[in-house]
Amino acid sequence: ELNNKKFSKLCKETGIIGKLVTSTDIDIIFSKYKPKGGRTITIKEFTIILDELSGKRFPKKSGGDAKEAMRELVSGKAPGTKGTTKISKKGATDRLTDTSKYTGSHKERFGADGKGLGLEGREDVIEDDGY
């Protein structure tokens, strides 16, 4: 089952959305074929939508060729990871985590070796030694 967001993402990643087919077209046709009151489409409705979009996406091809071209466009595609967070290599991360550059009360939270002091570095520990 696909909801509208996942279906739109699939259309963008596979190249269905372009000059001839816009995201508005995708939203309209999704709403047209989803069940009343429902939010998702099944595989049967998905294939019907692809068949209808194929004529608009490939206007110079005949009906059967356009459907086949649309199937080739979608087949074997996995969800992409466009826009996901990547691990920081260098730059700001090294600078911000370099404890030798800390000043003021923040400097007191770290020992000479740069390791954090834990609770001792954050709170004034009262010594209860009797003097």
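This is a predicted model: local features need pLDDT of at least 70, side-chain atom pairs count only at pLDDT 80 or more; totals for chains, interfaces and linings use all residues.

Reader: How is a pair of aromatic rings described?

Author: Two quantities are used, the distance of the centres and the angle of the planes. In this structure, the count comes to two aromatic pairs. For Phe 7 and Phe 46, the ring centres are 6.0 Å apart and the planes stand at 90 degrees; planes over 60 degrees apart count as edge-to-face, so this pair is edge-to-face.

Reader: Which parts of the chain does the pair link?

Author: The pair links distant parts of the chain, 39 residues apart: Phe 7 belongs to helix H1 (residues 4-14) and Phe 46 to helix H3 (residues 43-57).

Reader: Are Phe 7 and Phe 46 buried or exposed?

Author: Both are buried. Together with Phe 30, Phe 7 and Phe 46 form one aromatic cluster.

Reader: Which residues have the most contacts inside the largest nonpolar core?

Author: They are Phe 7, Ile 16, Ile 26, Leu 53 and Met 70, in a core of 18 residues. Two or more residues of this core come from each of H1, helix H2 (23-33), H3 and helix H4 (63-74). H4 gives the largest share, five residues.

Reader: What is Phe 7 in contact with, leaving aside its neighbours within four places in sequence?

Author: Phe 7 is then in contact with Leu 2, Ile 26, Phe 30, Ile 41, Phe 46, Ile 49 and Leu 53.

Terms used
Residues are numbered from 1 along each chain as its sequence is written. Side-chain values use heavy atoms; hydrogens and water are left out. Rings of Phe, Tyr and Trp (its six-membered ring) pair if their centres lie within 6.5 Å; planes under 30 degrees apart count as stacked, over 60 as edge-to-face and the rest as tilted. Helices (H or I, at least four residues) and strands (E, at least two) are DSSP runs, numbered from the N terminus. Buried means under 20% relative accessible area, exposed over 50%, partly exposed in between (1.4 Å probe, protein chains only). A nonpolar core is a set of buried Ala, Val, Leu, Ile, Met, Phe, Trp, Tyr and Cys residues joined through side-chain atoms within 4.5 Å. Contact means heavy atoms within 4.5 Å.
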